[in-house]
Amino acid sequence: PGHAGHAANKHHGLRFVPQLQSMLGLGIRAAGALTEVFLDNEAQLLRVEDSHVLKFVELLRSTGREAKFLSFLTVLCQCRGVAIRRNQWRVARLLLQGAPELLPSLSPPPSSGGPVLVSGNGHYFPGLTSGPMELSAWLAAEGEEAAAYIEKSLELFAALAEGRNLRNAPLLRERL
């Protein structure tokens with residue numbers, strides 16, 4: 001009964017998606033509720049439109065680095081481990097291509113070794129205004145919120161590549 005009840009709650013929650021979207025950014029955990037409604041809910045995931053993704057892109061732009069908004073976008077990209085390609089492309093197009101300044105870029109160490117470097121737009125990543133920085137030093141300076149944002153960014157990048165989605169590869173290569 002637990003799983004069936006959970007599924008019934010998700011289905012019931014669908015009617016509240018527009019209201020929850022209107023409450024985003026008000027600090028009342030609407031993003032978490034929306035994430036739960038969409039999580040592994042194929043019927044709802046197939047109804048996602050550009051406007052849903054753009055709302056979260058705008059929230060990232062207006063509120064700054066909020067990991068919970070990246071979590072929602074990650075949930076849109078897969079259902080029970082299977083890629084939802086239309087949403088992968090939608091998120092890649094609207095966020096990675098349309099608003100790349102909202103995400104960090106990571107540079108792996110050269111083959112000779114060395115630190116991973118992070119870079120990003122100085123407005124959204126103020127600690128990076130003077131250029132790339134060692135990831136570990138930046139995380140030490142910026143704290144837990146930055147670490148959570150990097151972690152959720154990497155989870156989103158992985159979700160965008162799920163199912164060998166080669167269409168997103170060029171956009172992902174620009175970030176990693």
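**Close-up A. The loop that holds R80 in the predicted model.** R80 sits between strand 1 (78-79) and strand 2 (82-83), in the loop that joins them. Its phi is positive, about 50°, although R80 is not a glycine. With a relative accessible area of 56%, R80 is exposed, because the cut-off for that class is over 50%.

**Close-up B. The largest nonpolar core.** This core has 42 residues, and L73 and L95 have the most contacts inside it. Two or more residues each come from helix 3 (30-38), helix 5 (50-63), helix 6 (67-75), helix 7 (85-97), helix 8 (135-142), helix 9 (144-161) and helix 10 (169-175). Helix 9 gives the most, with seven residues.

**Close-up C. Surroundings of L95.** Leaving aside neighbours within four places in sequence, L95 is in contact with V57, L60, L70, L73, P100, L102, L103 and L156.

**Close-up D. The ring pair of F56 and F69.** The model has four aromatic pairs. In one of them, F56 and F69, the ring centres are 5.7 Å apart and the planes stand at 70°, so the pair is edge-to-face. F56 belongs to helix 5 and F69 to helix 6, 13 residues apart. F56 is buried at 0% relative accessibility, and F69 is buried at 2%. Ring pairs also bring in F72, giving a cluster of F56, F69 and F72.

**Close-up E. The ring pair of F125 and Y149.** Here the centres are 6.1 Å apart and the planes are at 55°, so the pair counts as tilted. F125 is in the loop between strand 4 (117-119) and strand 5 (133-134), while Y149 is in helix 9, so the pair ties together parts 24 residues apart in sequence. Both F125 and Y149 are buried.

Terms used: Residues are numbered from 1 along each chain as its sequence is written. This is a predicted model: local features need pLDDT of at least 70, side-chain atom pairs count only at pLDDT 80 or more; totals for chains, interfaces and linings use all residues. Side-chain values use heavy atoms; hydrogens and water are left out. A nonpolar core is a set of buried Ala, Val, Leu, Ile, Met, Phe, Trp, Tyr and Cys residues joined through side-chain atoms within 4.5 Å. Buried means under 20% relative accessible area, exposed over 50%, partly exposed in between (1.4 Å probe, protein chains only). Helices (H or I, at least four residues) and strands (E, at least two) are DSSP runs, numbered from the N terminus. Contact means heavy atoms within 4.5 Å. Rings of Phe, Tyr and Trp (its six-membered ring) pair if their centres lie within 6.5 Å; planes under 30 degrees apart count as stacked, over 60 as edge-to-face and the rest as tilted.
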